[in-house]
Amino acid sequence: MAGGFTPDPRRPLDPAINTPGREGLTGTAPADRYAPVFDREQVTVAPDFAPLDAQPAWRQDFPIDWPQDLYVERRDFMKFMVLTSAAFTFGQVWIGIQNWSRRRSGQPPMQRIAAMDDIAVGAALGFTYPHEHEPCLLVRLTPSEFVAFGQTCTHLSCAVVPRPEEGSFYCPCHEGRFDLRTGVPTAGPPRRPLTRVLLERRGRDIYAIGIEERTT
């Protein structure tokens, strides 16, 4: 407190008229006869009335009064925001590193997926690429247009389900949705697009020729 004054709630703030030094006074006592009064919501007083710098460390995380509790809430909120931002940044950097690594090592090998006659317009066909543990979906949008994406949801890695009639891929785990044509998230918690499988048509056959992971 200003001037080194530490208020003591046990100290009487309004001495009686017969208190030494106040004999003969009537009415309101002079201002210097009273201890300063502070707003209870702006004063931090520990149960033992010791100054804050003399309190144990655990009391900083378990305050008992209004201003210190607000301070802890603001501090915890800032920690949460910093950690969330750091995790998001790390995720973007990691995806960039993966893409850079793929470019240095070359794209995955070309792989035949299916013949055009194997899949009807508006239908989807499952396959694995570039490894047998990487499920993907090939969708025929029009008689001449095909798209393919990884089947793993970018939220928590659940398997998405094609819904051509809705124009979307649907994740049943958390109600996520991705655009059927672009793989961009349109609803639910996912924030990153599905992994795109690059396609090439040779005659009547559809081939996977590479992988493209995107952040937006």
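Modeller: Here is that part, starting with the ground rules.

This is a predicted model: local features need pLDDT of at least 70, side-chain atom pairs count only at pLDDT 80 or more, and totals for chains, interfaces and linings use all residues. Residues are numbered from 1 along each chain as its sequence is written, and side-chain values use heavy atoms, with hydrogens and water left out.

The structure holds 1 disulfide, meaning a pair of cysteine sulfur atoms within 2.5 Å. Cys158 and Cys173 form it, with sulfur atoms 2.1 Å apart. The pair links distant parts of the chain, 15 residues apart. Cys158 sits in the loop between strand 4 (145-150) and strand 5. Cys173 sits in the loop between strand 6 and strand 7. The S-S torsion is about -105°, so this disulfide is left-handed.

Now burial. Buried means under 20% relative accessible area, exposed over 50%, and partly exposed in between (1.4 Å probe, protein chains only). Cys158 is buried at 16%. Cys173 is partly exposed at 40%.

Cys153 is buried at 2%. Its closest cysteine sulfur, in Cys171, is 3.8 Å away, too far for a bond. Cys136 is also buried, at 2%.

Next, the strands (DSSP runs of E, at least two residues, numbered from the N terminus). Two strands pair if DSSP finds at least two bridges between them. Here 4 strands form an open antiparallel sheet in the order 5-6-7-8. Strand 5 (161-163) and strand 8 (185-187) are the edges, each pairing on one side only. Strand 6 (residues 168-171) and strand 7 (residues 176-179) pair over 4 bridges. Tyr170 has Arg177 in strand 7 as its bridge partner.
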